[in-house]
Amino acid sequence: MRSWTLTTIALACLTTVLPAGAQESGGRVGEMVLTPEDSRLFREPSYSPYSGRRFPTQVYWGDTHLHTSNSLDARAFGVTLDPEQAYRFARGEEVTSSHGMRLKLSRPLDWLVVTDHSDGMGAMNEIIEGNPTLLRDPTVKDWSERIRQGGTTALDATMDVITSFAGGDIPPVLLEESFAQTIWDDYVSTADRFNEPGRFTTIIGYEWTSTEGGNNLHRNVLYRDGADVARRVLPYTTSASFNPEDLWAWMEAYEASTGGRVLALAHNGNMSNGIMFPVETNPDSGAPLTGAYAETRARWEPLYEVTQIKGDGEAHPFLSPNDEFADYETWDKANLGPVPKEDDMLQYEYAREALKNGLKLEADLGTNPYKFGMVGSTDSHTALATAEEENFFGKHSGVEPSAERWKHIVGEFDTTKIVSWEMTSSGYAAVWARENTREEIWDAMMRKEVYATTGPRMIIRFFGGWDFEEDDAKTRLPGEIGYTKGVPMGGDMLPAPEGAEAPTFLVAARKDPYSGNLDRIQIVKGWLDADGNTHEQVHDVVWSDADTRQAGPDGKLPPVGDTVDLEKATWTNSIGDPELFTVWQDPDFDPAIPAFYYARVIEIPTPRWTAYDASRYGVEMPAEVPMKTQERGYTSPIWYTPGG
């Protein structure tokens, strides 16, 4: 463990990105291109170590997945807050929730993507208000009348609406282009109005909601552009297709016709029932996977949502039985329909297994379709981007804080019930970018220089190279060492220099001052052997209380301890460390096989949101309800390919 000051971390993120005005010098926008003027340690000589920098020195925090009253399901379940209120809340203002509770974030976010569903965007508002143009359709009129009756009648009508849209059975009046254009124009204009470069960034986006047969294949589409470009083409909907390949074709057509830029972020796959990350056959077309499929997916989907309200998607204990931290906020009951979960579906739903299978597909198809960076998001349908345990406002307005919310039904799909206490207070996306602007944040996402957390704003750096040394973990400016000797998270290892034995990694983390101390940093390695089989290994590389805490004969560290007081819903930071920093070398490296590495940072135990509810409302919950958590962060991987 090495000491690292907060100033050091905040200023230590140097990267070789395109300087201002150099975006046409080579490569696609967002790629890292080193120009001659950037070559001398990336800055002009100066007495001040902070002057002349042309590269990111800051982490920017945000949410890539938030719904407002414009989303059909959110409005149907009672959310009245619109995008304007979502932006105000995210930038730090106090707002009133849909059920009249005042709330505020502990700290403002730096940026936000409102991603309302493209299918029927804004329609439920109009249905509830009784828009006469829409009510000329008898189905819409019936929905409106039943919803206005309230109670179970309204709930039944709401589920009818959601089921109709999920199945693509949408009344034609809700698909009329003039109606959709009016909603979209207002949507993107609101985003532009709240966009304040350098202070608070609004990234235009929407969620494409493919749920054919209940299998969740949702994608969030994020624009680099402002309203003037984004409004030229209406969002893609599942009324056109449920197939992600058709979404990618729409994205290509959008860029060709507007000159704009978009990327897609795959929704966490734990409710896809084994089809989010196929390895043999495209489940939508039935055709075998091809090199063209792999290239297209890799181009349009640089990111994956690894954690959110509907569970954590990094790893699963069935797939990683030797990983003691794999069973974290696991959702593995079924899809969003009538099909229960089978064990053989799991490997096609979780990030770590997808990263491993990506190596296999690259060997077969020539391109790795699952070479993604990792972000966290909320997927909140309240217009409130709340991911902190003590400030969690739930999935939708029906489960805002109350003495009874822990046992409310969040969702019911055929025989599957999701109870409120199973919701995860997660997560946020951290982006290493040069400035807080749409362009810089979007570009960082494209190059995958991002990481996910389950809510805490811990600062994490991760570099891979060939000649990091122990003394590099003592430097005051580790970012300078990291970018000089290696590549950051999301990157590809440079070719090994002559004489190099194995890759080395510089990894560091500092706690969120509002959250728990750090337990440990782990590096997760996945690789493909000579016979085409995938493997994984989790390495504890640096941990807290190292003077008294050592690995046992089985190689496992003893637990860090537990200071949680459930009655008061609090804890003490008398265990764990505020910061961890080390250099680690892969002890089992084989230069002939491809591999990936990512860092996982784990906190000490702290109270879960259920513990805060139990303490505040004096509620006793059954033993099955978890009351503690060990929050965590996941970096984007660094990949090694034989021969560079």
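This note covers a helix, a strand and a pocket in one structure.

1. The structure is a predicted model. Every point below should be read with that in mind.

2. **Helix 5: length.** Helix 5 covers residues 138–149.

3. **Helix 5: ends.** At the start of helix 5, aspartate 137 places a side-chain oxygen within 2.9 Å of the backbone nitrogen of threonine 139. Just after helix 5 comes glycine 150, with a positive phi of about 75°.

4. **Helix 5: burial.** Which residues of helix 5 are buried? They are Val140, Trp143, Ser144, Arg146 and Ile147.

5. **Strand 8: burial.** Strand 8 runs over residues 303–308. Of its 6 residues, 6 are buried, so the strand is largely enclosed by the rest of the structure. Buried here means under 20% relative accessible area.

6. **Strand 8: parallel partners.** Strand 7 (residues 262–266) pairs with strand 8 in the parallel sense, over 2 bridges. In that pairing, leucine 303 is the bridge partner of leucine 265. Strand 10 (residues 373–376) also pairs with strand 8 in the parallel sense, over 4 bridges. There, glutamate 305 stands opposite valine 375.

7. **Strand 8: antiparallel partner.** Which strand pairs with strand 8 in the antiparallel sense? Strand 9 (residues 311–312) does, over 2 bridges. Threonine 307 stands opposite aspartate 312 of strand 9. The two strands form a hairpin, with 2 residues between them.

8. **Largest pocket: volume and centre.** The largest pocket holds about 1,100 Å³ of space. Its lining counts 43 residues. Nearest the centre lie Asp73, Phe77, Met159, Ile162 and Phe413.

9. **Largest pocket: contributors.** Where does the lining come from? Helix 2 (72–76), helix 6 and strand 11 (409–413) are the elements that give two or more residues to it. Helix 6 supplies the largest share, 6 residues.

Definitions and conventions. Residues numbered from 1 in each chain as written. Predicted model: local features only at pLDDT ≥ 70, side-chain atom pairs only at ≥ 80, totals over all residues. Heavy atoms only, no water. Expected span 1.5 Å × (residues − 1). Buried < 20%, exposed > 50% of the residue type's maximum accessible area, 1.4 Å probe, protein only. Polar contact = N/O pair within 3.5 Å; in protein donor to acceptor, adjacent residues only side chain to side chain. Pairing = 2+ DSSP bridges. 1 Å grid on protein atoms, 1.4 Å probe; cavity = no way out; pocket = protein on both sides within 12 Å on 5 of 7 lines; lining within 4 Å. Points joined across faces, edges and corners; volume = space filled by probe spheres on them.
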